Every structure is written in structure tokens, then in C-alpha cells.
Amino acid sequence: MKATRRDDPETVLRIAGRFRTGGPGTAAIELRAGHINDSFVVSSAAGSRFLLQRINGHVFPNPGQVMANIVRITRHLEHRLGPASARRRLTLVPTVDGEMWRETATEGGSADWWRMYELIEDTTTELRASTPEQAFLAAQAFGRFETQLVDLPSPPLHETIPGFHDTLNRFEAFDRALAAARASAAGNDRRRQAIAEIRSVAVHRDLAARLSAAAHDLPRRTVHNDCKISNILFDRTTGEALCVVDLDTTMPGLAAYDFGDMVRSMSHRADEDARETSGARVDPELFTALAQGYLDGSGFLTAAERRSLVDGALVLTLEQAVRFLTDHLDGDVYFRVERPGQNLDRCRVQLALLESLLARDGDLRRIVEGATT
Ligand code: GN1
Ligand code: MG
């Protein structure tokens with residue numbers, strides 16, 4: 001029998017054929033986007049294109065809950081935005097059996113979980129905000145997305161990754177990774193490469209409790225939880241921020257998580273995995289655009305939530321530094337890497353940004369206070 005790679009186009013097309021694509025698939029091309037799931041663009045003979053994704057079962061312990069959430073979110077957005085809004089929201093493609101996802105068995109005996117979306121054509125994605133205008137549009141789109149979910153009928157969405165933004169817990173996972181790294185030669189090599197970063201996260205550890213300490217004052221809302229610019233589709237012609245994508249971690253959380261993620265990913269000019277960190281400094285113009293865009297799009301924040309936004313930026317940037325560092329120590333098992341040391345580079349970018357956020361803490365708070373809604 002011919003040996004097939006797990007993801008050769010034939011295999012992917014066979015899986016795509018189990019979804020209602022209106023005709024056989026003619027091509028499947030892997031899209032190297034995101035650090036977690038595997039994505040393929042599938043073209044059909046009828047000329048439509050689709051996004052087929054395999055959910056990472058190591059990261060999402062319960063893919064059924066992920067999909068149950070996404071079914072609820074996409075239906076709610078369709079209902080709220082109306083039938084003419086197809087480019088402004090994700091649309092799941094059902095399987096030929098009328099299910100919203102499909103499970104396949106792997107050679108190792110475990111299961112793969114697949115889902116398909118209609119591809120929204122004539123859009124572009126960005127890896128970082130190139131202008132304040134773009135940062136404003138992205139932040140406004142994430143704010144609007146939260147607004148659209150304010151009246152999502154109960155019950156609350158499933159917590160697809162428990163404790164996702166529990167920063168104290170993230171530090172505990174880091175402690176475990178550090179202890180485990182000390183116990184092996186390869187682990188010790190990785191630890192030695194990261195001595196400065198290990199020190200730096202220890203220095204800032206007190207910040208980890210900042211949001212949880214204020215949480216009694218902060219309403220839990222349905223938030224996106226991964227507000228980076230690459231999760232927005234921009235219209236290729238008009239540049240409009242059309243659609244928020246990546247709904248896997250949309251679940252109950254704090255507005256400060258989302259704003260914090262926007263700042264950590266869009267308030268500076270460094271790529272997430274830049275090898276040198278000079279661009280990882282907060283740019284007040286980008287930051288102002290983010291605050292204005294988010295406040296404009298969300299429009300529902302309480303005074304306490306508004307006061308928590310800069311703390312969100314500090315905590316989320318630190319948390320992401322700790323997550324990348326933990327994965328470096330673990331041997332790159334969580335975030336996809338293309339080269340050795342990439343997670344350590346990612347961690348360095350976050351730490352450099354954190355230093356600059358801390359240095360301008362007072363300015364940033366004044367910007368948020370002064371931002372008009
Ligand atoms: C991961 O898969 P992707 O690239 O959308 C991660 C986020 C991180 C982000 C950093 C489930 O998102 O939490 O902030 O990378 N998602 C998960 O770029 O861990
Ligand atoms: Mg994501």
C-alpha cells in the first residue's frame with residue numbers, strides 16, 4: 001500500500017468531501033497561519049473556496065465544546081446581523097450528514113476533529129498594525145464583536161481551555177517547566193539559553209495577580225480572548241475590518257483580556273517572533289488608536305472596566321511572555337515553531353514590550369482616560 005502523509009492533499013480532499021461543498025474538491029492547500037490548529041484552503045469544482053481546519057486536540061481537551069460554542073456564536077451573529085452580512089461573520093459548512101463537524105480516526109487510534117467554514121473572498125490579513133488607522137479599525141471590530149455577543153442567550157459559553165487567562169496558573173506551569181528542564185540535559189540547554197528571560201519574568205511576577213485582585217469589580221463578559229490583528233479579515237479593496245475570526249477561545253472573560261491582547265500584539269512595530277526587539281516598544285499613536293477604536297466599538301464598559309484596561313495590557317503581555325518561555329523550556333510542544341529558539345524570541349519581544357509599557361504606565365492611563373467614546 002502506498003504510504004500517505006497524514007496531510008497529503010488527497011487525504012485532505014477526502015475529508016473535505018464529507019462536507020457540503022456543492023461538488024468535489026479540486027485542490028487543498030495548507031495555510032500556515034496560527035500557532036495551534038491546522039488549516040487548509042479547499043477549492044471546489046463549482047469555484048467556491050472553503051477553510052477546512054483540524055482542531056488541535058492537545059490544546060483543546062474538549063473539541064465538542066469548542067464546536068458547540070462556535071455553532072452558538074455563528075448562529076447568534078447571523079441572527080443579529082441579518083442575511084446580507086455574510087462577509088462580516090463566519091459561516092460553518094455542515095457535513096453531508098448535517099453535522100457541524102466531523103471526527104476521523106487517526107492511525108494511532110485517537111480522533112481528529114474537523115470543521116469547515118465558507119472562505120470570505122477578497123480579504124487580507126496582517127501580522128501587525130501598520131498604521132494607527134488600521135489599529136483603530138481592528139480594535140473597533142473586536143469591540144463590536146463583544147457588543148454583538150452581549151445578548152447571547154444563556155447559558156454562558158463553555159470554557160474551552162480552563163484557566164486560559166489565569167496568569168497565576170500560567171506562572172505555576174512555568175515553575176513546573178523550569179523544574180522539569182533542570183532534570184534533563186536537553187532541558188538544561190534550553191534553560192541556559194533563557195537565563196535572562198527566566199530572571200525577567202520572576203522580577204515581574206507580582207503583576208500576575210493584578211487583574212484577579214480587581215476581578216470582583218469587573219463583569220465577566222463574552223470576550224474573544226485572542227485579539228491579535230491576524231484574527232481580523234480586512235476588505236482587500238476598502239481596507240475595512242470586515243470579520244473577526246478564530247472563535248476557539250471566545251468564552252466568558254474580562255474586557256481587559258481582549259484590550260490587553262490588542263496592546264500586546266498591535267501597539268508596537270515588532271513581529272511576534274522578531275529576532276531583535278528594538279521595534280517592541282509601545283507607540284503612543286498606535287496605543288491611542290487602539291483605545292479609541294476599542295471604546296468606540298464596545299461602548300458598554302463600566303468605569304471599573306475602563307480603569308482595568310492598562311492593567312490588562314501589562315498582565316496579558318507578561319502572561320504571553322511566560323507562555324512562550326514555558327513552551328521553550330518544554331521543548332516547543334504547544335506553539336508551532338519553524339526554527340529552534342523561536343519561542344524564546346517570541347518571549348523576548350513580549351518582555352521588551354512589557355518594559356516599555358511599564359515605563360509609560362502613567363501616559364497610557366491618561367490616554368485611556370482621555371479617549372472619547
Ligand atoms: C495562539 O493559534 P493562534 O495563533 O490563533 C494562542 C493564543 C496566543 C497566540 C499568540 C489556544 O493563537 O492564546 O495569544 O497564539 N491560542 C491558544 O500569537 O493557545
Ligand atoms: Mg487563536
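How far is an oxygen atom of ligand 1 from an N or O atom in the side chain of Asp246? The distance is 2.8 Å, which falls under the heading of a polar contact, that is, a pair of N or O atoms within 3.5 Å. This is a predicted model, in which local features need pLDDT of at least 70 and side-chain atom pairs count only at pLDDT 80 or more, while totals for chains, interfaces and linings use all residues. Residues are numbered from 1 along each chain as its sequence is written, chains are lettered from A and ligands numbered from 1 in the order in which they are written, and side-chain values use heavy atoms, with hydrogens and water left out.

**Ligand 1**
- An oxygen atom of ligand 1 also lies 2.7 Å from an N or O atom in the side chain of Glu272, and for the side chain of Arg264 the corresponding distance is 3.4 Å.
- On its own, ligand 1 has 440 Å² of accessible area (Shrake-Rupley method, 1.4 Å probe), and the protein covers 95% of this area.
- Around ligand 1 there are 16 residues, counted when one of their heavy atoms lies within 4 Å, and Lys228, Glu272, Gln320, Arg323 and Tyr334 come nearest.

**Aromatic rings**
- There are seven aromatic pairs, meaning rings of Phe, Tyr and Trp (its six-membered ring) whose centres lie within 6.5 Å.
- Phe259 and Phe287 form an edge-to-face pair, with 5.9 Å from centre to centre and 80° between the planes, where edge-to-face stands for planes over 60 degrees apart.
- Both Phe259 and Phe287 are buried, which is defined as under 20% relative accessible area (1.4 Å probe, protein chains only).
- Together with Tyr294, Phe259 and Phe287 form one aromatic cluster.

Note on methods: Polar contact = N/O pair within 3.5 Å; in protein donor to acceptor, adjacent residues only side chain to side chain. Phe/Tyr/Trp six-rings, centres within 6.5 Å; stacked < 30°, edge-to-face > 60°. Buried < 20%, exposed > 50% of the residue type's maximum accessible area, 1.4 Å probe, protein only.
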